[in-house]
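Hello,

Here is the structure we spoke of, with its sequence. My notes follow below.

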Amino acid sequence: MDYAIDIRDMTVAYREKPVLWDVDLQVPPGVLLAIVGPNGAGKTTLIKASLGLVKAAAGSVLIHGRPYAEQRSTVAYVPQRGSVDWDFPTNVLDVVTMGLYGQLGWFKRPGKAERVAALKSLAQVGMEEFAARQISQLSGGQQQRVFLARALVQDARVYFMDEPFQGVDATTERAIVDLLQGLRKQGKTVAVVHHDLQTVPEYFDHVMLLNVRRIASGPVEEEFTEENLRTTYGGRVAFVSALSAAKK
Amino acid sequence: MEWITDLFTDYTLRTVALGSALLGITAGSLGGFALLRRQSLLGDAISHAALPGIAIAFLLTGSKAPLVLIIGAAVAGWSGAALITTVTTRTRIKYDSALGVMLSVFFGFGLVLLTFIQRQPNSNQAGLDSFLFGQAAALVERDVLVIFAIGAAVLLLMTLFWKEFKILSFDSDFLGTLGFPVRRLDHLLTTLFVIAIVIGLQTVGVVLMSAMIIAPGAAARQWTDRLGRMIVLSGFIGAVAGVGGAVASSMIPSLPTGPTIVLIVSCIVFFSLLFAPNRGLVFRRIREWKAGKMLRVDAVLVDLYTLASQHSSAEHPHSERVLDVMSTISGPARRTLVLLKDLELARQIDSTHWSLTPSGVSRAESVIERQFGVAS
């Protein structure tokens, strides 16, 4: 079977300490996947290593059956909101347009077609009236939606998102979830680093439990079990059982 | 005002002014990028690290030709920057410590070499020590041509790679996922940065060149929220400071160039920090004061509305004393009430009684809706 995302043997070490150890992940196309695990489990590193942003000691990544390097233009990335300086002198439309720089290639400047496309994806996240807004004047939820719009404009087949729900209010979270589920309906594959275990069964159809090693991955109803969570989160059993009680 | 005509007629002064303007534009523009990438201090390290390069270039070639010395300075400055990166990524030493160590090691080594050169019997070495604090008056046409050629090439490359450098500075990881070679672009921008620094060393000096890098960008950032405008403005401020300092120091013989330029550019930074319309401290204070006033207006408006809501009419008048008690935090209500009257939101019934006007009622309702989500 042709997986949308096929990660094999991914191993990353900072100095001698392993951050990711021999991690495999296979995601079928058209799936909304949550990557969960405790702090320091290597969730962000898994995404960054898969995209070649962090040097991996070992591992390979296939996207729809071909090496990532060949499939780069079909993959979009939403980094953590806090990873950039929001006081950078630019506006919302300009940030979204950055999503098209890869298609533009070297030296070419964005023109009218790019502006139109950027405005369209801003409309998809409900931010079109903020196009001219200086980015330092955005709230956390608005920043997140600008990053999502920048990924949407890339019109990718596979999306990697690092904590898109971090620090957004309930309304925005709902809007983002609708958007992600819309992407899945179009047959796109979305892998999301997620922190809130409570919402995993509601929002996602696949889950990966990660703690340096892969604990489990697969459909939520099969793999999102108390036992797997216990293995992933170790000693914090009380918290895990409270959660599984909430699940029922 | 004689100097203005001198600027166009006096050969020396014209040369000096042109050279300083060119280096100011180049250093200011690239410095703007450095500021956004939080690499301003790297500029300081690079300029100090360039000193031994100048000395070694002279020792190897025996020439003081500007191009020879600039190449020596660039190689040494680039090595300094590369060493800082290597130390930071390969060891546990933090960036700021690596920066400080490299800066002093290279600078110290440079001073040792300069002293050694000066002890040589050969008289050709005279003038190399002017690289410490810079000497604008020493600029000749040949230097200006070199600065122009190199500066123009640097600015051309910056314009060519504009959109790549923009994302590199804003979100380099994202640039990587788009398929651009981030490391190579990073090296290119750093190289342009190094070149922008070393072409100014003869005029401004290694000790204070960092001011030409940091200050114009910091001042320009205050005035605009667009990258393009910021970089252009930064280059312009660099040119103004460069010309001002160089001209002043070439007319007054005992005035050192570097420090004069620093003083001028610092004044521009200081002025920008205070008076820039959006980010400046003065206007921010004024906006806060105005916002505070509007908050007090709304508070008294809501108080009047709340009081009136206990009566049949929303425009029922109430005594000022009651409002004083209600707005304990913001002080006496009188001044705010007068303001309300000016805005035609409230009217004075008699010497102490006030009531809302119809437009005051509707504004109060919208304030309440905004604050509590429901119209009462």
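**The contact between the chains**

A:Asp85 forms a salt bridge (a side-chain nitrogen of Lys or Arg within 4 Å of a carboxyl oxygen of Asp or Glu) with B:Arg38, and their closest N and O atoms are 3.4 Å apart. By that rule, six salt bridges cross the interface of chain A and chain B.

This is a predicted model, in which local features need pLDDT of at least 70 and side-chain atom pairs count only at pLDDT 80 or more, while totals for chains, interfaces and linings use all residues. Residues are numbered from 1 along each chain as its sequence is written, chains are lettered from A and ligands numbered from 1 in the order in which they are written, and side-chain values use heavy atoms, with hydrogens and water left out.

In the contact (heavy atoms within 4.5 Å) there are 33 residues from chain A and 31 residues from chain B. Together the two chains bury about 2,900 Å², 61% of it on carbon and sulfur atoms; buried area is the accessible area (1.4 Å probe) that two parts lose on being put together, summed over both. Of the area that chain A buries against chain B, 23% comes from A:Phe88, A:Pro89 and A:Trp106, more than from any other three residues.

Regards
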